[in-house]
Amino acid sequence: MRTRLGRLFYEERGKSKRDGDPAIVLLHGLLFDGGSWNGQIEPLSALGRVIVFDGPGHGRSDPPPRFTLEEHADALIDAFGELGVSHAVLVGLSWGGMLSLRVALQHAASVAGLAILDASADAESFVEKVRYRAFVALHRRVGMPKALYLREVAPLMFAERTIVDRPELIDASYRRTMGFDREGVAKASLAVVVHRTNVLDRIGAIRAPTLVLCGREDQSCPPSDSEDMARRIPGASLVVLDGLGHMSALEDPAAVNEHLVPFVDNAVRGAGRARTAIARS
């Protein structure tokens, strides 16, 4: 579908169980695509209508113009209008979690619940901004050599155990990333890392049910980031999973689903009941 950030690819699974139920929207992390949710799609689609987006410049979505996370949030709401989605439970990992926070802040009525995985509400540090700019410049010109990916990127994405025990997952992730449009990845990286704003002081205004989850070995958005978000968002629950890194939902789907699926189920049911009650009143 066409949006202000270009054409966004999406897939759907499942159907809403009751009138008024929110959609369940899955939003992936930087350098991945909607396929990173394959371990969650089946159990979540048993709960209702699931929509999985490829982010701008990733997967089968078009390379975007220069954009910010705030503009991405507005583009997602545009997509909701095209899809007939009035409200949704947002499940976002990393980039997807940062995007979900901004949707909740900018379009609160459209958010029935938030599952924020391995993300941060803070801006990136100056040192990391400089480092990522160098990566972006290199990737724009020649791509990312595998040796550099294994040395610098993989440890940010995966727990040490995953890197050692599942080299096929690391290799598949690298090959998928290298298949994306380089300019699209560059613009998304700048939006997500370099130009990301600090919304820590604003997330206390979020009123949607919220689950904050992360891997204890996340080197990209460490557990302290998740702990800070959970403290600031009223009523938020916090789960920290041992032995997992930044891509927790991909590394161990079962461990993540143990907490994610019941949360989404409760959020969908609660929002559906509220909408039905309003409609009958």
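Modeller: First, a cut-off: a residue is called buried when its relative accessible area is under 20%. This is a predicted model, so every value here is computed from it. Now take Gly-245. Its relative accessibility is 0%, so Gly-245 counts as buried.

Next, the neighbours. Leave out residues up to four places away in sequence, and Gly-245 still touches Asp-118, Met-157, Phe-158, Ala-159, Gly-215, Glu-217, Asp-218 and Glu-251.

Now step back. Among contacts with a separation of 6 or more, 81% join residues 24 or more positions apart. Of the 281 residues in the chain, 55% are buried. The secondary structure comprises 11 helices and nine strands.

What about overall size? A compact globule of 281 residues would have a radius of gyration near 19 Å, and the chain has 18 Å, so the two agree. Along the principal axes, the C-alpha atoms fill a box of roughly 60 × 40 × 35 Å.

Last, the surface and the charges. The chain exposes about 11,800 Å², and carbon and sulfur atoms supply 50% of that area. There are 34 positive and 35 negative side chains. The centres of these two sets lie 4 Å apart.

Key:
Residues are numbered from 1 along each chain as its sequence is written. This is a predicted model: local features need pLDDT of at least 70, side-chain atom pairs count only at pLDDT 80 or more; totals for chains, interfaces and linings use all residues. Side-chain values use heavy atoms; hydrogens and water are left out. Buried means under 20% relative accessible area, exposed over 50%, partly exposed in between (1.4 Å probe, protein chains only). Contact means heavy atoms within 4.5 Å. Helices (H or I, at least four residues) and strands (E, at least two) are DSSP runs, numbered from the N terminus. The radius of gyration is taken over C-alpha atoms; the globule rule is 2.2 Å times the number of residues to the power 0.38. Accessible areas come from the Shrake-Rupley method with a 1.4 Å probe; for residues, only the protein chains shown count as cover. Lys and Arg count as positive and Asp and Glu as negative; His and the chain ends are not counted. The place of a charge is taken as NZ of Lys, CZ of Arg, CG of Asp or CD of Glu.
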